[in-house]
Amino acid sequence: MATAPTIRPPSVRQTRNLVNGEWCESHTGKSFDAINPATGESIAAVCDSDHHDIDSAVSAARRALEVGPWSRMSARDRGKLMFTLAELIEANAEELAGLEVLNNGKPVSEVMAADVPLVIETIRYYAGWADKLTGETIPVDDKMGQFLCYTRREPVGVCGQIIPWNFPMLMTAWKWGPALACGNTLVLKPAEQTPLTALRLGELASEAGFPPGVINIVNGFGETAGDALVKHADVDKIAFTGEYKTAQIIMANAAPTLKRLTFELGGKSPNVVFADADIEQAVNGAMTGIFFNQGEVCCAGSRLFVERGAHDDFVDAFKDRAQKRKLGDPFSPETEQGAQVSQEQFERIMGYINTGKQEGARCVTGGERFGDKGFFVKPTIFTGVKNDMRIAQEEIFGPVVTVLPFEDTTQVVEQANETMFGLAAAVWTRDISKALNFANTVRAGTVWVNCYNTFDPAAPFGGYKFSGHGRENGREALNAYSEVKTVWMNLD
Ligand code: NAI
Ligand code: MG
């Protein structure tokens with residue numbers, strides 16, 4: 001990876017809600033602190049919203065959808081606004097990167113190499129779709145008469161978008177891109193831990209010229225602001241990324257108003273290394289698979305399966321690399337791994353590490369805190385793991401990987417699928433048929449062959465089983481943000 005540029009912590013410009021194009025305090029006037037995970041210190045007080053604020057934002061979004069200039073704007077002009085937003089993000093990339101590092105704890109090297117470029121590309125990719133969303137003419141049977149039958153793609157309406165803290169800026173882009181391309185209006189509820197970059201993106205959207213009410217942002221907690229958005233009768237769809245247990249609550253709360261729902265949830269993704277693989281490449285893949293973004297990745301390769309014959313050598317090389325990983329100040333360009341997002345997440349990870357030890361797994365490296373301030377956890381590898389241990393089944397969402405040996409293809413596919421999740425999977429081998437057999441039989445929304453964590457806004461992403469509903473990115477996401485209207489015209 002190229003050395004990251006020097007980026008300094010920027011000053012925080014915005015901590016309020018964006019409602020109908022205005023920045024406003026919450027109804028209650030209450031606030032909560034955004035924390036710097038590398039120090040545990042407060043960065044800024046962010047306004048804490050409840051159902052009153054959600055009400056105002058949803059009404060603004062409804063007006064913008066039905067009577068605002070947005071509803072009359074041509075698809076091409078919608079696309080142009082999105083291209084302008086992408087340009088503004090690019091022009092302010094270093095400030096946005098600095099805010100993300102400050103508020104999330106991830107290293108600047110990663111933000112500049114992955115988050116920022118993907119955010120820009122996502123908005124551009126969907127900007128390009130805005131004027132290409134066409135319907136079809138349908139060749140209907142003429143027994144009943146002559147008809148012209150065609151379809152139109154229309155926006156779903158007001159979209160509530162609830163996002164997590166692991167990729168705050170990128171999750172905002174994944175949600176805004178397809179929603180705006182399809183002509184929806186939206187209310188975003190950022191994660192309470194990491195609201196700062198979404199708010200800056202809101203400022204840039206206003207600067208780009210998005211009409212008031214198209215993009216609204218309401219800060220606050222899940223149980224208050226998030227809950228009100230989910231239950232609101234005038235919200236047509238909820239797009240949610242986060243924990244599956246939260247998705248279960250959202251699904252139940254959205255039932256009375258029968259909202260459209262898309263979910264991108266967690267994972268326990270199998271990363272499978274056959275003995276014939278390029279082992280050095282596979283070790284690199286295992287490193288990226290689990291330690292990228294401090295392991296706070298929904299598709300993290302947290303279950304590593306290594307073919308028996310290669311197991312011991314692989315573990316030695318992997319352990320060596322993990323021990324050399326540079327942890328520390330996320331603003332230092334050399335840092336490879338920063339801080340976990342919060343005290344809560346830090347404790348959850350340390351709790352799982354203790355569970356692993358109690359379950360009888362062997363912690364070959366890591367297993368403890370790094371440094372004496374902030375929420376850093378050393379890269380942690382467990383061997384001697386059984387597939388039914390809690391550390392092999394539950395999402396840890398930290399830099400903790402379980403290694404299990406396997407004997408043959410049939411056994412490893414079975415074990416890989418022995419999980420409630422199905423977000424991603426990877427396989428490392430030089431044998432094409434082994435790779436394709438695995439890719440075809442594993443129950444996961446993304447399969448990587450001899451690579452890991454590759455992303456592109458054009459490539460659909462989402463999960464089987466408890467990992468989600470629907471797909472984000474690519475053409476697929478557009479289906480989830482549009483309704484199809486069929487029009488029959490009698491020609492007789
Ligand atoms: P969470 O699912 O509770 O939070 C995600 C978002 O949902 C936040 O914006 C939160 O405010 C909102 N939310 C929470 N409760 C809500 C409710 N009742 N109604 C509406 N919105 C609600 O995730 P949390 O608690 O931050 O993390 C817990 C675990 O979830 C993590 O340790 C990790 O295992 C998993 N997780 C998975 C993510 C993924 O990308 N798949 C992202 C974040 C967390
Ligand atoms: Mg939660």
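**View 1. N453 in the loop between β19 and β20 of the predicted model****.** In this predicted model, N453 belongs to the loop that joins β19 (446–449) to β20 (464–465). With a relative accessibility of 13%, N453 counts as buried, because buried means under 20% relative accessible area.

**View 2. Surroundings of N453****.** A polar atom of the N453 side chain lies 3.2 Å from the backbone oxygen of T288. T288 is also among the residues in contact with N453 when neighbours within four places in sequence are left aside.

**View 3. Polar contacts of ligand 1 with W165, T246 and G242****.** An oxygen atom of ligand 1 is 2.7 Å from a polar side-chain atom of W165. The side chain of T246 places an N or O atom 2.8 Å from an oxygen atom of ligand 1. For G242, a polar backbone atom lies 3.4 Å from a nitrogen atom of the ligand. On its own, ligand 1 has 810 Å² of accessible area, of which the protein covers 92%.

**View 4. The shell around ligand 1****.** Ligand 1 is surrounded by 28 residues, the closest being I163, W165, K189, E192 and T246. By class, the shell comprises 12 nonpolar, 9 polar and 7 charged residues.

**View 5. Secondary structure elements around ligand 1****.** Two or more residues of the shell come from each of α8 (222–231), β10 (237–241), α9 (244–254) and α12 (343–358). The largest share, 4 residues, is given by α8.

Definitions and conventions. Residues numbered from 1 in each chain as written. Chains lettered and ligands numbered in written order. Predicted model: local features only at pLDDT ≥ 70, side-chain atom pairs only at ≥ 80, totals over all residues. Heavy atoms only, no water. Buried < 20%, exposed > 50% of the residue type's maximum accessible area, 1.4 Å probe, protein only. Polar contact = N/O pair within 3.5 Å; in protein donor to acceptor, adjacent residues only side chain to side chain. Contact = heavy atoms within 4.5 Å. Near = heavy atom within 4 Å. Areas by Shrake-Rupley, 256 points an atom, 1.4 Å probe, with all protein chains shown as cover. Nonpolar A, V, L, I, M, F, W, Y, C, P; charged D, E, K, R; others polar.
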